[in-house]
Amino acid sequence: MNKLSSKTTKGFIRLIFHCGAKVKERKTNEPLISDPSGVLVWKAAYRVMMKFIDKNDIKAKEEKLKEVIKMWLKVI
């Protein structure tokens, strides 16, 4: 297995999407973007993470990652 370099000992890399240090108040607690594929792990309605195990996992999720980035940039 071709592991990525990481300072954590958990064996994966987390890519976190958030809204900055000061979160604007929202009228709902619904997630900011939809995730029909289920690759996102929601930490709060305004903060989500994608988890990658190795380079092959990144490659496999590449298209979904591009979609998530585009959706996230539209809502922040």
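Me: Which residues form one aromatic cluster?
Reply: F17, W42 and W72 do. This is a predicted model: local features need pLDDT of at least 70, side-chain atom pairs count only at pLDDT 80 or more, and totals for chains, interfaces and linings use all residues. Residues are numbered from 1 along each chain as its sequence is written, and side-chain values use heavy atoms, leaving out hydrogens and water. The cluster, again, is F17, W42 and W72.

Me: How many aromatic pairs are there?
Reply: Rings of Phe, Tyr and Trp (its six-membered ring) pair if their centres lie within 6.5 Å; planes under 30 degrees apart count as stacked, over 60 as edge-to-face and the rest as tilted. By this rule the number of aromatic pairs is 2.

Me: What is the angle between the planes of F17 and W72?
Reply: The ring centres are 5.9 Å apart. The pair is tilted, with its planes at 55 degrees.

Me: How many residues apart are F17 and W72?
Reply: Helices (H or I, at least four residues) and strands (E, at least two) are DSSP runs, numbered from the N terminus. F17 is in strand β1 (residues 13-17), and W72 is in helix α2. The pair therefore links distant parts of the chain. The separation is 55 residues.

Me: Are F17 and W72 buried or exposed?
Reply: Buried means under 20% relative accessible area, exposed over 50%, partly exposed in between (1.4 Å probe, protein chains only). F17 and W72 are both buried.

Me: Why does the pair of W42 and W72 count as tilted?
Reply: The ring centres lie 6.3 Å apart. The pair is tilted because its planes meet at 40 degrees.

Me: Where in the chain is W42?
Reply: W42 and W72 are 30 residues apart and link distant parts of the chain, W72 being in helix α2. W42 is partly exposed at 27% relative accessible area, whereas W72 is buried at 3%. W42 belongs to strand β2 (residues 40-44).

Me: Which residue has its charged end over the ring of F12?
Reply: A charge sits over a ring if NZ of Lys or CZ of Arg is within 6 Å of the ring centre and within 35 degrees of the ring normal. Here the charged end is 4.2 Å from the centre of the F12 ring. The residue is K51.

Me: How many salt bridges does a search of the whole structure find?
Reply: Side chains of opposite charge can pair when their charged atoms come close. A salt bridge is a side-chain nitrogen of Lys or Arg within 4 Å of a carboxyl oxygen of Asp or Glu. The search of the whole structure finds 6.

Me: Which residue forms a salt bridge with D35?
Reply: The closest N and O atoms of D35 and K64 are 3.8 Å apart. The pair links distant parts of the chain, with D35 in the loop between β1 and β2 and K64 in helix α2, 29 residues apart. Both residues are buried. The partner of D35 is K64.

Me: Which residue in helix α2 lies 3 residues from K64 and meets its side chain in a salt bridge?
Reply: The N to O distance is 3.8 Å. The separation is about one turn of the helix.

Me: Which residues are linked in a network of salt bridges?
Reply: K59 and E62 meet at 3.0 Å, N to O. K59 is exposed at 58% relative accessibility, and E62 is partly exposed at 27%. The network links K59, E62, E63 and K66.

Me: Which residues form a nonpolar patch on the surface?
Reply: Patches are made of residues with over 30% relative accessible area and no salt bridge: like charges are joined within 9 Å, nonpolar side chains (Val, Leu, Ile, Met, Phe, Trp, Tyr) within 5 Å. Accessible areas come from the Shrake-Rupley method with a 1.4 Å probe, and for residues only the protein chains shown count as cover. I69 is in helix α2 (residues 62-75) and is partly exposed at 36%. Together, about 360 Å² of accessible area belongs to I69, L73, V75 and I76.

Me: What pattern does the chain follow along the sequence?
Reply: The chain has 2 helices and 3 strands. Buried residues make up 24% of its 76 residues. Among contacts between residues at least 6 apart in sequence, 60% join residues at least 24 apart. The pattern reads β-β-β-α-α.

Conventions
Contact means heavy atoms within 4.5 Å.
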